[in-house]
Amino acid sequence: MFILHPLLQISVLLDATLWLAVFASPTDDNVLRAGHGEHGEPGHEEPHKDSYSTFASEFLESRYLSDEGYPFPTAPPVDPFARIKVSDCGITKGCIRYGKPGCDAETCDYFLSFRRIGTDVEFEMSADTDGWVAVGFSSDKKMGGDDVMGCVHDDNGRVRIHHFYNVGQWAKEIKRNPARDEEGIFENNRVTCRFKRPLHVPREETLVDLHLSWYYLFAWGPAIQGSITRHDIDSPPVSDRMISIYKYEDIFMPATAYQTFSSPFCLLLIVALTFYLLMGTP
């Protein structure tokens with residue numbers, strides 16, 4: 001039997017103790033008595049915890065996890081909605097204003113602009129409503145059989161672009177939506193949106209080619225749970241002539257409240273009353 005010299009035994013024991021002191025975690029004293037309980041009894045052996053992995057996991061939880069423990073989503077930066085520039089009306093884009101004389105995109109009852117961008121047409125719409133605003137492309141001045149693009153404010157505060165087709169007096173939503181690059185905002189009790197649509201589309205009943213001239217139908221009204229309801233006025237305004245996407249004009253249409261003294265009959269009546277007052281009664 002081989003027996004170590006007493007001095008050599010002491011040296012081996014000192015080396016083993018020093019090795020444990022250097023490599024054992026100072027916070028885990030169970031490593032020094034692995035497999036033993038508090039009083040030396042056999043117990044559960046706890047695994048050694050890597051201090052770096054513990055720090056990394058705690059840092060991840062505090063910086064990148066939500067209160068529920070799920071990673072925060074990485075969302076792309078959202079650009080603010082660019083205001084509609086009415087100074088470009090009649091120059092680099094066509095505009096239709098309906099409302100009080102001198103109104104703009106933020107004060108008109110209804111506002112529409114359009115301009116060509118490559119093979120697309122960019123539309124901008126705004127109306128004094130908390131529900132929806134729309135434009136229809138019609139071969140006549142009547143509602144029915146019309147291609148309609150609408151911007152709808154839903155219950156979540158978002159403004160989404162929808163495609164409709166007028167079946168008589170009812171707007172039916174069409175799943176095929178030609179709109180892209182959609183933007184929308186609801187602010188100051190106004191629904192405002194911007195989107196692009198192809199200038200040329202394959203011939204189809206619910207889609208029209210915008211390179212042709214059409215009567216434009218203008219409408220807006222309330223929405224319930226993101227679905228449009230009847231428009232605000234009984235007879236929505238219609239362009240008095242067909243509009244060409246290639247001709248940029250700044251068209252103003254006075255609202256009903258401002259049309260009273262502009263009709264020929266009213267003007268003739270005013271002249272007659274003025275003449276009567278000046279001449280006096282016989």
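# Briefing: strands, cores, disulfides and a pocket

Strands β6 and β7 (residues 170-173) run antiparallel and are joined by four bridges. That pairing is a handy place to start a tour of this predicted model. The chain holds three helices and 13 strands, and 32% of its 282 residues count as buried. Among contacts between residues at least 6 apart in sequence, 52% join residues at least 24 apart.

**Strand β6 and its two partners**

- Strand β6 covers residues 159-167, and seven of its nine residues are buried, so you will find this strand mostly covered.
- On one side of the pairing story is strand β5 (residues 147-153), which runs antiparallel to β6 and is joined to it by seven bridges.
- Within that pair, cysteine 151 stands opposite isoleucine 161 of β6.
- The β6-β7 hairpin has two residues between its strands. In this turn, glycine 168 has a positive phi of about 65°.
- Across from β7, asparagine 166 stands opposite alanine 171. Asparagine 166 is also one of the residues closest to the centre of the largest pocket.

**Nonpolar cores**

- The largest nonpolar core has 32 residues, and within it Tyr110 and Tyr216 touch the most other members.
- Strand β3 (residues 120-127) gives this core its largest share, which is four residues.
- Which residues does tyrosine 110 contact, leaving aside its neighbours within four places in sequence? Its contacts include Ile96, Arg97 and Tyr98, then Met125, Ser126 and Ala127. Val133, Ala134 and Val135 are also among them, as are Phe218, Ala219 and Trp220.
- A second, separate core has seven residues, including Ile84, Cys89, Cys95 and Ala105.
- For background, nonpolar side chains tend to be buried together in soluble globular proteins.

**Disulfides**

- How many disulfides does the structure hold? There are three. With the bonded cysteines numbered in sequence order, they pair 1-2, 3-4, 5-6.
- Cysteine 89 and cysteine 95 form a disulfide with their sulfur atoms 2.0 Å apart. The angle about the S-S bond is -80°, and this link is left-handed.
- Cysteine 89 counts as buried because its relative accessibility is 8%, under the 20% cut-off. Cysteine 95 counts as buried too, because its value is 1%. Both of these cysteines are among the members of the second core.
- Cysteine 103 and cysteine 108 form a disulfide with sulfur atoms 1.9 Å apart. Their link is right-handed, with 85° about the S-S bond, and both residues are buried.
- Cysteine 151 and cysteine 193 form a disulfide, also with sulfur atoms 1.9 Å apart. This link is right-handed, with 65° about the S-S bond.
- What does the link of cysteine 151 and cysteine 193 tie together? Cysteine 151 lies in strand β5 and cysteine 193 in strand β9 (residues 190-198), so the pair ties together parts that are 42 residues apart in sequence.
- Are these two cysteines buried or exposed? Cysteine 151 counts as buried because its relative accessibility is 0%, and cysteine 193 counts as buried because its value is 0%.

**The largest pocket**

- The largest pocket has a volume of about 500 Å³.
- Of the 23 residues lining this pocket, Trp132, Met143, Asn166, Gln169 and His231 are the closest to its centre.
- Which elements give two or more residues to the lining? They are β4 (132-138), β6, β7 and β10 (215-221).
- The largest share of the lining comes from β4, which gives four residues.
- The antiparallel pair β6 and β7 from the opening therefore returns here, with each of these strands giving two or more residues to the pocket lining.

Key. Residues numbered from 1 in each chain as written. Predicted model: local features only at pLDDT ≥ 70, side-chain atom pairs only at ≥ 80, totals over all residues. Heavy atoms only, no water. Buried < 20%, exposed > 50% of the residue type's maximum accessible area, 1.4 Å probe, protein only. Pairing = 2+ DSSP bridges. Core = buried A, V, L, I, M, F, W, Y, C linked by side-chain atoms within 4.5 Å. Contact = heavy atoms within 4.5 Å. Disulfide = S-S within 2.5 Å. 1 Å grid on protein atoms, 1.4 Å probe; cavity = no way out; pocket = protein on both sides within 12 Å on 5 of 7 lines; lining within 4 Å. Points joined across faces, edges and corners; volume = space filled by probe spheres on them.
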